[in-house]
Every structure is written in C-alpha cells, then in structure tokens.
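Subject: Structure handover

Hello,

Here is the structure you were expecting, followed by notes on what turned up in it. Please keep it open beside this message while you read.

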Amino acid sequence: MRLWQQAVVLFLGAEWAAFGNTMVTVSVVDANNLPVAAAAIQVVQGTTLSASANTSETGIVSLDLAPGQYVIKASKDGFEPAQSELEVKASQPAEIELALAPKLARHDRIDVNDTATPVGQDTSTPASVPPQVAKELPSRPATVADMLPLVPGVARSQAGGLQISGSGEHRSALIVNSADVTDPATGQFGLTVPVDVVETLNVYQTPFLAQYGQFTAGLVSVETRRGGEKWKWDLNDPFPDFRIRSYHMVGLKDATPRLNFGGPLIPGKLYFTEGLEYEMRKTEVYTLSWPNNQKKQEGINSFTQLDWVVSAQNLVTASLHVAPERLQYVNINLFNPEPTSPDAALNNYTVTLADRWSFGGGLLENTVSATRFDANVWAQGPLGLIIAPWGDSGNYFETQNRAASRVGWSATYSFAPVNHWGTHNFKLGSYVAGSSTEGQVDERPIDLLNASSQLIEQITFTGGRPYSNTDSQYAFFGQDHWIISPRLAVDLGLRTESQEISESFRVAPRAALAWTPLPNSGTVLRVGFGLFYDRVPLNVYSFADYPSTMITMFNGLGGVIGGPYLFENVIGQVTVPYPLVFQAPVAGNFSPRSATWRAEVEQPIGRAVRLRAGYMENEGSGLVILSKVAPDPVTNVGAYELSGNGQSLYRQFEVTASWRVTEISKAISPLFFSYVHSDAQGDLNDFASFLGTFPTPLLRPDEYGTLPTDIPNRFLSWGTIQLAHGWRISPIVEYRDGFPYAVTDALQDYVGLPYQRRFPNFFSADVRMSKDIKVSPKYTFRISLSGFNLTDHFNPEGLHTNIDDPAFGAYVGQHGRRYTADFDVLF
C-alpha cells in the first residue's frame, strides 16, 4: 500500500480488528466515476461493526481486517448509501469499489425513467484543493492561505495579499470546522492552520445556501482531519535551507520543519491529531540591494485536535490553534527600504468545541468557539516618514497595539427527509457572537518632497486616544433542499443577520437550482442568486479615536501656500435606505452587501475528464470607504469620513477541467486546469487600506474604476503524476495579465485615470520531482528537487511609477530561474 493512501485515513469509532492480517483497499466514486472524498466507510461482520473510516481526497481508504465474511458500506451526505459483500482471506490483499448515487435518485412518490441519470445534488459547487496534492507542488504550501491561490478566482496581489473575487480577504469569511476564525478588528484571516491537519479545503464564490453568511466576496471552508486507528508521524523539511551567493554560504535562508502526528489515545473512542510548524524565513526582495533586502518572519503554528466518539450517534471534537508570529521589515519594496518599514508581533489563539448528535433521523450540530488576535506594530526608529518621487526614507509613520476577541456559538439542525411533492431536506440554524477590541494608534509626521528634494507638503497628527469597542451579532437561517425530480433540485433559503454596533437588521434571500436536461448525458446546469451581507470590522468604529490629520502646503522654498488644514476623523451615516436592510438613523449604521448570481454548466467527458464553465456577477454596495471632505474656507477644518457609500462590480467567466489521470497512467491525483476571464471595478478607497494592521500613509481622493487587483485573464494548471520507479512529478504553470498600476506625481496624487496601465504579462513554469525511499519497515525518506520559473520569463517585482522620478517607467526586480532541494522523513 502506498504511503499517500495511508496519509488521510480517518476513523470515527470502530475498534481495529485482529492486527496485521489482510489489507483491504476500498475506493468510492460518484455516478461519474470521480473520487468521493470524506465518505464514511463501515465494515460489518454479522451484527458487529468491525471497523469504520473516512475516504481520503482520492476516494480511497485502506483497512486491516481479519479473515471472514464482511459487508462493506459507504455513505456521505448528499448521496444514497451503497454496500457490497466481501470475503476476506488470510494474507490475500483485496480491493473493492463502491459507487454512490446522489440522493436525488430517490424513487418514493416519484416516477423515474429507468434510463435517467440523477443530477449532482449540490446547487452551489465549491472549488476544492486536495491538501495531499497541494503539498507535492514546488511551492510546498505550509498553511491554508498558501494553498488558496491554486483556486480559480483567488490570487495574490502585487503586494502579496490574498484577493478573492477581486477583493481583499477582509470581504471574505474563513471558517474552520464551522467556526469563524477571522480577526474581529480587521476582518483579515491571520495565520491560517497548518496544511498537514487539513482534510478538505473548499472555496465558495457563490454559496447560495442560507447557512453561510458574513461575507460579500467569498467563503473559505476548512475541515481538519482526525487521528486514525494507528499512530502516524510525518516530519517535513527537517533541515534548514542556506542562502548561497557567488558560490558562498551567507547564512540561513529559511528553516520550516513541520511535525504532524496522530492516532488513538483510546482505540475506538478517543483520537488525537497534532500539526506543529516552526517557521523562520528570510524572503529576498529583488527590487532592493543585498543584504538590506530581506523580509523576516519567525513563528510557531500549532493545531491540536481531540475527537471523542461518545457513541455511534454522537461525536465531540475539541481543537486548539496557537499561532504567535514575529515579523521584521514588513512590506519592504522598491520604494520602502528597511528603515521605512514596520516590525510587528502578531498572536492568534482559537479554541473550538463541537458536538454532533444524530437523533430522530436528523443531525444536531453545536459549535462554540473563542478566538483572540493581538497585534503590536512599531517603527525601526523615532523619525518621521519622508516620501519622495523616487522612494521613501526615515521611519514608518504609525505604531499601534491592538487586542481583539470573539466568542461565538452556532447551532444547526438538519431534519430527516420529508417526502411531499418530492423530497425536502430542511435545515434550521442560528449564530450568536460577542466581540470586542481595544488598543491605541499613534502616528508621526510625514513630509512630501518634490523632484528637487524640497518640502511641498507636511502631514502631522494631533490627538488620538485609547479605544475600546464591543459588539454582538445574531443570525438565523432556514433552508430547504428540495428534490423535485431525479433531474431537478432546488435550494431555497432565508437568512437574517444583525450587528448591534451598526444598529442594523438585514434580510438575505437565497435561491438556486440544479437541473440535468438530458438523461444519461451527465450534463448539469446550475443557476442561483443571493444577497450577502458582510460584518463591519470593529476597527471601523475605532476610527474616531485615531489621531486627527493636519496638512500644510509649501511652495518648495519654505513658504506656506495653504493651511494648516485640520481633518477630523468622522464616522458617517447611511441615509438612503435599502429595501431589505432595517437600520437606525445613527452614525456607523453600515450594511455592506453584495447581490450575486451565477450560472454554470458541468459536463463529464468519459470517465476521466470533467469540464465546468460558469459566469458570475457580484455587485457590491454599501461598502465602507474612506473619503476626504474638503476643509471649510473659513475654519480650515475638513474631515476624513468613513461612509457606507462604496460600490464594486466583479464579473467572472470561468472554465475549469479536472483530468483523472489515474485512468491512464496510474497517477495519484487528477490534474487541474482553469482559465478565468474577469473584470474588477470599484471604489479605490476601501477602508482596509487605512485601518488595517499595516495602513498606507496617504489618503487620495476616492475614485471609482479599475481595482488594483484586476486580472482580466489567468490560466492555471497543476497536479501530480506518478512516474516509473516511484518518482512523482508535480508541475504548476501560471500565465496571466500583469497587475494594473497607477501613475502619480510629487504630491502622490493620481495622474490621469488610475490603474489603466499594467505590468508585463506574468508567466511561470515550476516543477517538483520527488521520490519515497523506504529505508526500514518503519522509516521512509522523501527526497525532492524543485525548479522555479524554468523558462526564466521576465516577471518584474517593481516599477517606477512617479512622473517626477528620474527613473520613471523603469522596471526592477526579477525572480530568475532557481532550484531547491528538500528532504522529509515519514514514519
């Protein structure tokens, strides 16, 4: 049995049969012969449950069974169960395949054409990343955030931040085992859980089920894996990497050992999983000169999970995520060398307790979670920040300390199916959470210089005080998955949300359907529409306690030509009502929302290929933006105002394909291909750029137009293929349009329409080759060699974009062709 088959074996409550007799491999596929991950497998001998497990991402699980006659059963939510008899003989390994049909294939009270093929049940289909496949890629992702750019519609911006559906991550939600783990203060994800503990990673751009909420761009859902019936240990990247320059070693480049282990504390009852990662990484920034060009980060990322099988109907899961992190020289680039960058200490702690209890033909799920985010940010020294057309000097302009926490409880009940005019699967749920934040922000002067290094604008700050805010959130939903016929399913739902600090109550209807128009074709058409509301991060309501801004204009010779102007921090009020939002007429009554619809068609081609094409539109409104209100000509007092008037529009056409190469070359996973054509428009002054952990120092006039995250065309392909003699090859190829950039002048104002020009098109072909070498019955070594940007394509990191910069228009920084070697230990 291959090691990759063992890596994700999960057991939920059976006792291991007599040790070491016969290995039985069970594979589970759907109606289109594609693997079914996380299917529950039960092995029954007579009236005794002999073993139970969950299938891996590749739809496979292996069991060690004593000789005898068994019934192998497979089941998963959304599918009809399947079973088959199997006689296990001593020392004769066996394989069995079970096919699951969607529950839409129910025959009660429905006349079904015998030749009809049931449609896929889900009306909202996520993009999934199999963790075991992603870990084989050249990028060697260590956390969930590292895997997300493998998803169509998800990319990293020019500055390195995640963007989902053309928006920053603060407009998306991240749930781990159904618990919200986003930062209450900023809406950011923070340091996500280690990849080694991830069972499934799904990204929804259009989840039309009413159970999901608190986002306007996308939803990232993570399920962690449980310990198995045998203890298993993985040690990845145990040795550090050294930096080599001019054939000389010049210190450590990174050290990222990862230890993952798990197994039964009490077989059949209590299981343990631990994913532990230490990271020390020095990332070279190619737009700056050596050795003053290294971003540094160091931290620990630990995820611990206990699973208690109370009974066959009751499972209790507890988890603890601890992630302290230290950052040095954050966001250094061509214009921001090390002295102008901040350092930071970030800490994230999350504890979750979940109970799943099956009774009355339904399932009751309760999840209680508590999360805390601490952030301390400081400058390299006491100087102010100096901004010139060719780059910055001095020190970072802001220091802050912040602590934010949330305690939440979600409860859902899935009723037993009701057969009336088809089959109804009702689900009700609620969510209650209390959150708080406290901290303080201090800011230093900022000087703007012209091309002659003369002062033309000075920004100083006055006031500011400690802030403290609390909030309570409530949400209730009801939804029905209605199976009208074997070829038609509909999801109908209604969700309500309220956020006390914004004094608003929001109603979000959802509707979607899945339809197979032709029997036996496998074609599935899906269409859906929904309203989505975002939670407003608490930093928005702390803005009034930030220091106010004073701006003085100079003529370059020391003479004052304007000001000083005082800009007070103001939290605005929404005065134009929205039909499904009920809000009090108070400051900060924001309800950011999006109206989203999607249509897609899915088509299998033979047993090995599945195609999907879809179009979606996400129209955002009521978004929180920061604008500059002109000062009064008499008092010289203006305002920096947060308002709920922001808008956005994201349109995406997507074609994806998965090729199950196992049918041809015995590869361990499918290959994935995607092409995305998209258009991202919106207000440029999103609040997150100014109220986040590392805010930008300047506020320009707000404009609506092309967003800096816009990528009109992107092609992505990745996967893993098994070669001869135990070698594996894992390629990843990406081709996309370059990111847009804005041209500015000495005052850092836009010149012409912003973000109408682009970096050169980006192309990168990376590959990793690896092989497992078994050195003893217990230990296996994994060796690998990775190559990056094999074509040595010109992918510049930076560009001189200021018209008063003598180097205006020049590109700098290039990641050339490079190679790395890795070594892992499996035992």
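Gln 163 stands opposite Gly 168, a residue of strand S11. The model is a predicted one, so local features are given only at pLDDT of at least 70 and side-chain atom pairs only at pLDDT 80 or more, while totals for chains, interfaces and linings use all residues. Residues are numbered from 1 along each chain as its sequence is written, and side-chain values use heavy atoms, with hydrogens and water left out.

Strand S10 (residues 162-164) and S11 run antiparallel and are joined by two bridges. Strands here are DSSP runs of E with at least two residues, helices are runs of H or I with at least four, and both are numbered from the N terminus. Two strands count as paired if DSSP finds at least two bridges between them. The sheet is open, with three strands in the order S9-S10-S11 and antiparallel pairing. Its edges are strand S9 (154-156) and strand S11 (167-168), each of which pairs on one side only. In general, strands of a sheet pair through backbone hydrogen bonds, either parallel or antiparallel.

The model has eight cavities of 30 Å³ or more. A cavity is a set of points, on a 1 Å grid over the protein atoms alone, where a 1.4 Å probe fits but cannot get out; lining residues have an atom within 4 Å of a point. Grid points are joined across faces, edges and corners, and a volume is the space filled by probe spheres set on the points.

The second largest cavity has a volume of about 140 Å³. Its lining has 14 residues, and those nearest the centre are Gly 153, Gln 163, Tyr 650, Ser 678 and Ile 711. S9 and strand S42 (671-683) are the elements that give two or more residues to this lining. S42 gives the most, with three residues. By class, the lining has six nonpolar, six polar and two charged residues.

Strand S23 (residues 342-359) and strand S24 (residues 362-379) run antiparallel, joined by 18 bridges. Pro 342 has Ala 379 of S24 as its bridge partner. The hairpin of S23 and S24 has two residues between the strands, and Gly 360 there takes a positive phi near 60°. S24 also pairs with strand S27 (residues 398-414), again in the antiparallel sense, over 15 bridges. In that pairing, Val 368 has Trp 409 of S27 as its bridge partner.

Backbone points to check

Most residues other than glycine have a negative phi, and most peptide bonds are trans. The following residues depart from that pattern.

- Trp 290 and Pro 291 are joined by a cis peptide bond with omega about 5°; Pro 291 sits in the loop between strand S20 (270-284) and strand S21 (294-311).
- The bond from Gly 563 to Pro 564 is also cis, with omega near 5°; Pro 564 belongs to strand S37 (residues 560-571).
- Asp 237, not a glycine, has a positive phi of about 50°. It lies in the loop between strand S16 (232-236) and strand S17 (241-245). Asp 237 counts as buried because its relative accessibility is 8%.
- Tyr 755 has a positive phi near 60° and lies in the loop between strand S47 (740-741) and strand S48 (757-758). At 17% relative accessibility, Tyr 755 counts as buried too.

Buried means under 20% relative accessible area, exposed over 50%, and partly exposed in between, with a 1.4 Å probe and protein chains only.

Pro 701

Pro 701 lies in the loop between helix H6 (688-691) and strand S43 (704-706). Its relative accessibility is 48%, so Pro 701 counts as partly exposed. Leaving out residues up to four places away in sequence, Pro 701 touches Asn 685, Asp 749 and Tyr 750. A contact means heavy atoms within 4.5 Å.

Confidence

The average pLDDT of the protein is 88, and 93% of the residues score at least 70. pLDDT is the predictor's confidence in each residue, from 0 to 100. It stays under 50 over residues 1-20, where the model has 71 contacts beyond four places in sequence. Residues 103-120 also stay under 50, with 51 such contacts.

Regards

How values were computed:
On a 1 Å grid over the protein atoms alone, a cavity is a set of points where a 1.4 Å probe fits but cannot get out, and a pocket is an open set with protein on both sides within 12 Å along at least five of seven lines; lining residues have an atom within 4 Å of a point. Ala, Val, Leu, Ile, Met, Phe, Trp, Tyr, Cys and Pro count as nonpolar, Asp, Glu, Lys and Arg as charged, and the others, Gly among them, as polar.
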